[in-house]
Amino acid sequence: SSLKNIYQPDTSVTNSSSIAFIAKIGPARILFLGDAWAEDIELYLKSLSNTAGSAFIFDAIKVSHHGSLRNTSPALLELIDARVFLISSDGKRHSHPDFAVLKAIVDRPCKFKRNIYFNYTTPASRLLRNYKSKSGANFEIYENSNSWINLNPESL
């Protein structure tokens, strides 16, 4: 199913109190979404000055709530993109990440290759292995990534 057809916002009070932030380390900008509500992140990003109509491009994005479809909205994905996406989940609890979120990330057109890192192999990461982006966007996945990840664009 398409994320646009099944997305329903998270209503968990616990997740609404999650800390999300942009880390600037040297020239790198990394968006850490914690378990934040997509709508809160959308409001914040829209309040920042950005070139009208363009996405915020980060060096890396830690996907919200382990890739739950209730925390990554289609509207949020229109606002953000990165060469590197980080997903932290073993897939055992709540079956995160949701494959609809992964498809929505890679189906968007882009001019660079997206690299998606999973700290475990999950049912959704296995599905993504053989998936072809609907837009033709180039992406690569890395499972069981439990070491350092290089954010240098030349190395990706």
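A polar contact of 3.1 Å links the side chains of S133 and S135, where a polar contact is a pair of N or O atoms within 3.5 Å; within protein, one must be able to donate a hydrogen and the other to accept it, and residues adjacent in sequence count only if both atoms are side-chain atoms. The model is a predicted one, in which local features need pLDDT of at least 70 and side-chain atom pairs count only at pLDDT 80 or more, whereas totals for chains, interfaces and linings use all residues. Residues are numbered from 1 along each chain as its sequence is written, and side-chain values use heavy atoms, with hydrogens and water left out.

S133 itself sits in the loop between helix 6 (123-129) and strand 6. The side chain of S133 also reaches the backbone oxygen of V106, at 2.7 Å. With neighbours within four places in sequence set aside, S133 is in contact (heavy atoms within 4.5 Å) with V106, D107 and F139. S133 counts as buried because its relative accessibility is 12%; buried means under 20% relative accessible area, exposed over 50%, and partly exposed in between (1.4 Å probe, protein chains only).

Turning to helix 5, F99 belongs to this element, which spans residues 99-106. At 22% relative accessibility, F99 is classed as partly exposed. Not counting residues up to four places away in sequence, F99 touches A124, L127, L128 and Y131. The C-alpha atoms of F99 and P123 lie 8.4 Å from each other, and 24 residues separate the two along the chain.

Most residues other than glycine have a negative phi. N144 is partly exposed, as its relative accessible area is 46%.

For the chain overall, six helices and six strands are assigned; these are DSSP runs (helices H or I, at least four residues; strands E, at least two), numbered from the N terminus. From the N terminus on, their order is α-α-β-β-α-β-α-β-α-β-α-β. Buried residues account for 44% of the 156 residues. Of the contacts between residues at least 6 apart in sequence, 71% join residues at least 24 apart.

Confidence is given as pLDDT, the predictor's score for each residue from 0 to 100. The protein chain averages 88, and 90% of the residues score at least 70.
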